[in-house]
Amino acid sequence: MPTINSNYLNLKAGYLFPEIGRRVNAFAEANPEAAIIKLGIGDVTEPLPEACRVAMLKAIDDQGSRESFHGYGPEQGYAWLRELIAEHDYKSHGCNVDADEIFVSDGSKCDTGNILDIFGSGNTIAVTDPVYPVYVDTNVMCGNAGPANESGEYGGLVYLRATESNNFTPAIPEQKVDLIYLCYPNNPTGAVVSKAYLRQWVDYANTNGSVILFDAAYEAFITEQDIPHSIYEIPGARTCAIEFRSFSKNAGFTGTRCGFTVVPKELMGKDASGGDAALHSLWNRRQSTKFNGASYIIQRGAAAVYTEAGQEQVKALVSFYLENAKLIRGGLAERGLSCSGGVNAPYVWIKTPDGLSSWDFFDKLLNEAHVVGTPGSGFGQSGEGYFRLSAFNSREKVIEAIERITAKVAV
Ligand code: MLT
């Protein structure tokens with residue numbers, strides 16, 4: 001019998017969203033008449049942009065004749081997509097990122113987990129609290145975090161607290177850490193940061209030889225001026241940061257799957273003898289061995305995001321969800337609930353009323369309003385007493401959810 005990766009036994013019982021799903025299914029079974037509205041997991045609901053669908057249909061036709069058929073593609077993604085990304089997402093925003101530093105994949109959740117393959121053991125890892133659980137769990141899986149304590153935190157991780165008192169923007173640590181996960185616009189709080197704040201991180205990382213793993217999956221939702229869309233807007237970021245991006249939330253690809261990761265060529269880690277090793281080469285090697293590239297059809301769909309029609313349709317989609325967020329935030333605030341986020345992000349972060357715990361508020365909304373959200377404590381200790389509502393749903397359901405919640409909750 002083979003031995004197992006015992007680090008998995010250190011994981012907390014279940015991944016947050018399946019646990020929510022379990023509770024919702026149990027409730028639905030017991031209450032088949034309840035019309036449940038889901039504002040929990042940040043999964044999109046609106047149709048894919050037409051430009052993407054047309055491009056994918058054409059790509060399917062390409063696969064129908066020998067002349068235009070595509071078998072294995074480049075593991076890094078097709079050059080035509082990488083060039084479009086470099087041009088539209090980086091160069092036009094003044095960021096120096098070349099097409100061959102962009103690795104197209106089947107999504108940024110996978111990449112933020114897989115990136116640990118190229119880092120050694122014994123690194124000090126910092127995560128924000130609250131945090132997107134994938135960063136924590138993937139570190140637990142590879143043995144970086146050790147066992148959890150009774151409050152569910154891991155001794156091997158450094159937690160950077162993001163609370164109301166610091167505007168959900170954690171302080172730069174005093175100690176030296178090797179890897180830092182940052183996500184802005186933030187999941188789950190919806191907070192954004194200024195260039196000046198990110199500059200402090202870049203300076204910290206360059207001074208300490210740290211690498212920032214910057215998750216910018218929600219950058220398309222930034223509406224305010226002067227908020228950085230990419231960490232590469234900050235001078236010095238090329239020597240200390242990897243960036244993850246996704247087509248899931250801007251173009252609705254959660255089920256279609258496409259994202260990308262940027263690894264600048266000058267970004268280094270240390271090998272066993274203390275010499276510099278280029279992370280770009282390691283990630284390239286990793287992808288070439290363990291990944292065969294996102295599908296041709298999907299990459300054609302992603303490329304269509306950058307056409308004139310695609311850009312218009314994606315903007316409309318993002319505005320639609322942001323309007324939902326505004327309605328949620330406004331509706332709940334009117335009822336006296338304290339809310340943040342939802343302006344540059346599709347998530348509204350709500351303080352639970354009456355001192356209810358996050359899970360108690362979850363149960364209350366599920367049982368009384370038949371609305372599903374995400375308990376803040378599922379994202380970490382500092383999320384306790386908070387609750388996340390996602391703006392990803394139809395307008396009709398969002399309005400209905402707000403009505404139902406405000407009928408049951410007031411402060
Ligand atoms: C969330 O709800 O936090 C997101 O859907 C997670 C994800 O994109 O994987």
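## The enclosed helix α5

The buried residues of helix α5 (133-141) are covered by parts that include α1 (16-30), α4 (108-114), β3, β4, β5 and β6. Here, contact means heavy atoms within 4.5 Å. Helices (H or I, at least four residues) and strands (E, at least two) are DSSP runs, numbered from the N terminus. The model is a predicted one, in which local features need pLDDT of at least 70 and side-chain atom pairs count only at pLDDT 80 or more, while totals for chains, interfaces and linings use all residues. Residues are numbered from 1 along each chain as its sequence is written, and side-chain values use heavy atoms, with hydrogens and water left out.

Eight of the nine residues of α5 are buried, so this helix is largely enclosed by the rest of the structure. A residue is called buried under 20% relative accessible area, exposed over 50%, and partly exposed in between (1.4 Å probe, protein chains only). The buried residues are P133, V134, Y135, V136, D137, T138, N139 and V140. After α5 comes G143, with a positive phi near 85 degrees.

## Nonpolar cores

In soluble globular proteins, nonpolar side chains tend to be buried together. A nonpolar core is defined as a set of buried Ala, Val, Leu, Ile, Met, Phe, Trp, Tyr and Cys residues joined through side-chain atoms within 4.5 Å. The largest such core has 58 residues, of which I212 and F253 touch the most other members. Helix α6 (residues 195-208) supplies the largest share of this core, six residues. Both domain 1 (6-47 + 309-408) and domain 2 (52-307) give residues to this core, so the core lies between them. These domain bounds come from an automatic or database domain assignment.

Leaving aside residues up to four places away in sequence, F253 touches L48, C52, M56, F247, S248, C258, I298, G301 and A302. Another core, of 36 residues, lies apart from the largest one, and F17, L365, A369 and A391 are among its members.

## Cysteines without disulfides

A disulfide is a pair of cysteine sulfur atoms within 2.5 Å, and the structure holds zero disulfides. For C95, the closest cysteine sulfur belongs to C240 and is 13 Å away, too far for a bond. For C183, the closest cysteine sulfur belongs to C110 and is 15 Å away, again too far for a bond. C95 is buried, with a relative accessible area of 3%, and C183 is buried with a relative accessible area of 3%.

## Backbone features in loops

The bond from D129 to P130 is cis, with omega near 5 degrees, and P130 lies in the loop between β3 (125-129) and α5. The bond from Y184 to P185 is also cis, with omega near -10 degrees; P185 belongs to the loop between β5 (179-183) and α6.

N167 has a phi of about 60 degrees and is placed in the loop between β4 (157-161) and β5. D354 has a phi of about 55 degrees and is found in the loop between β12 (347-351) and α10 (358-369). N167 counts as exposed at 59% relative accessibility, and D354 is exposed with a relative accessible area of 67%.

## Salt bridges

Side chains of opposite charge can pair when their charged atoms come close. A salt bridge is a side-chain nitrogen of Lys or Arg within 4 Å of a carboxyl oxygen of Asp or Glu, and the structure holds 21 of them. One of these joins R238 to E266, with the closest N and O atoms 2.5 Å apart. R238 lies in the loop between β6 (211-215) and β7 (241-246) and E266 in the loop between β8 (259-262) and β9 (268-270), so the pair ties together parts that are 28 residues apart in sequence. R238 counts as buried at 15% relative accessibility, whereas E266 counts as partly exposed at 36%.

K91 and D98 meet in another salt bridge, at 3.1 Å from N to O. Both partners count as partly exposed: K91 at 36% relative accessibility and D98 at 33%. K176 pairs with D178, the closest N and O atoms being 3.2 Å apart, and K176 counts as partly exposed at 45% relative accessibility.
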